[in-house]
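Below are some questions and answers on a structure and the two molecules it holds.

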Amino acid sequence: MTILVTGGAGFIGSNFVLDWLAQGEEPVVTLDKLTYAGNLANLARLQNDPRHTFVRGDICDRPLVARMLATHRVRAVLHFAAESHVDRSIHGPSEFVQTNLVGTFSLLEEVRAHWNELSGARREGFRFLHVSTDEVYGSLQPGEPAFTETRAYSPNSPYSASKAGSDHLVRAYYHTYGLPVLTSNCSNNYGPMQFPEKLIPLMILNALEQKPLPVYGDGGNVRDWLHVGDHCEALRSVLTHGRPGETYNVGGSAECTNLQVVNTLCELLDRLSPRTSGRYSELIKFVTDRPGHDRRYAIDATKIRRELKWTPRHSFATGLEQTVRWYLENRAWVENIRSGEYQRWIDKNYLAR
Ligand code: NAD
Ligand code: DAU
């Protein structure tokens, strides 16, 4: 038996594949298109590991997906593949609708056909785990209770709207066809191998290059941070013990304003890799806000904590220090990322701000 991981060369997907194979023997087949965000270097450790098969391809390629499901006798699908960056969805939403919505639909159709061919224990035990986001719930006011699983959807960016649409499709496949699906809605992840367009790695790498640290708006937007390793552990729990048809909110109860996050990163870098003169916080620059910028996200993770006994292992303080150290120690990975495409994105998103 094998699990199929879509988007397994991206940030969370690759952390998941590495953790999965570190903890057990069940093989993994990874399907990834290798967009700008996919990076085979993330999976380099598995190059000669017979338990891992990598296939470069698109989740929208239905014949390919059908072949992979049948050939590998897939017993579960972990669906990470997505366009995941909000700012990119503002500049160009089309890819987001194509991969996140149409791609999830294509995958669901092929998974449904595969599942329909199964019988007995294999059919009973089959699972489709859809990895989604807290952004589908929209924005919270200060002091409002955190998102529970019953919160109404209210997405505000093309990214979150496309993820919300995919969540609805997944739900519909359970209610209409009985496909044994599970959905997780997680808060902001951080940790090793995150593409440096996202807040934390962007700030670390800009700081090390003595470049401005671009904080959107007043820096008061709040995110609820979770270490990627804790997210992966939550997903393994949901896959094994989650009830089909259910959704699970996952979060670290670590709400911080962006300015607090950036200042903490600066303090860590002052200690771990000091500047020749001055402090990193002197590089902070307030820039034009993101359009439709959600003010606050916060996850109420009571359900997964109570039902599945999941609890995060990393505090934000220790996880952030470990992450800063990872970027300091993995300069080759960083240099490899700084391709023409990365520089083009930085120019497009920041030059006119
Ligand atoms: P990422 O952008 O780092 O990786 C996405 C991966 O998907 C890349 O490897 C890319 O090549 C691949 N991909 C994109 N389009 C594809 C396609 N059409 N076919 C096959 N592969 C394709 O994203 P991430 O941060 O690792 O997020 C993974 C999932 O988790 C996403 O679904 C995202 O919505 C969700 N999520 C992310 C966070 C977060 O903080 N990063 C939080 C909650 C949920
Ligand atoms: O909440 C889960 C979501 O978290 C995931 O679904 C997304 O895939 C993931 O990208 C992330 O979305 P955010 O938009 O919250 O993450 P990002 O790292 O882009 O931004 C975090 C906050 O930092 C946000 O309020 C915007 C702000 N920001 C971001 C960048 C890149 C800045 O102030 N400056 C920046 O340069």
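Helices (H or I, at least four residues) and strands (E, at least two) are DSSP runs, numbered from the N terminus. This is a predicted model, in which local features need pLDDT of at least 70, side-chain atom pairs count only at pLDDT 80 or more, and totals for chains, interfaces and linings use all residues. Residues are numbered from 1 along each chain as its sequence is written, chains are lettered from A and ligands numbered from 1 in the order in which they are written, and side-chain values use heavy atoms, with hydrogens and water left out.

Q: Which element gives the most to the shell around ligand 2?
A: A residue is near a molecule if one of its heavy atoms lies within 4 Å of it, and 25 residues surround ligand 2. Elements giving two or more of these residues are α3 (86-91), α7 and β8 (213-216). The most, 3 residues, come from β8.

Q: Which side chain has a polar atom 2.7 Å from an oxygen atom of ligand 2?
A: A polar contact is a pair of N or O atoms within 3.5 Å; within protein, one must be able to donate a hydrogen and the other to accept it, and residues adjacent in sequence count only if both atoms are side-chain atoms. Pro214 places a polar backbone atom 2.8 Å from a nitrogen atom of ligand 2, and Tyr216 has a backbone N or O atom 2.8 Å from an oxygen atom of the ligand. The side chain at 2.7 Å from an oxygen atom is that of His293.

Q: How much of the accessible area of ligand 1 does the protein cover?
A: Ile12 has a backbone N or O atom 2.8 Å from an oxygen atom of ligand 1. Polar side-chain atoms of two further residues take part: Asp58 at 2.9 Å from a nitrogen atom and Lys163 at 2.7 Å from an oxygen atom. Of the 840 Å² that ligand 1 has on its own (Shrake-Rupley method, 1.4 Å probe; for residues, only the protein chains shown count as cover), the protein covers 96%.

Q: Are α7 and α9 parallel or oblique to each other?
A: Helix α7 (residues 199-208) packs with helix α9 (residues 258-272) at about 40°, and their axes are 10 Å apart. Axes are lines fitted to C-alpha atoms, for helices over the stretch in contact, and angles run from 0 to 180 degrees between N-to-C directions. Angles under 35 degrees count as roughly parallel, over 145 as roughly antiparallel, 65 to 115 as roughly perpendicular and the rest as oblique. The two helices, α7 and α9, are therefore oblique.
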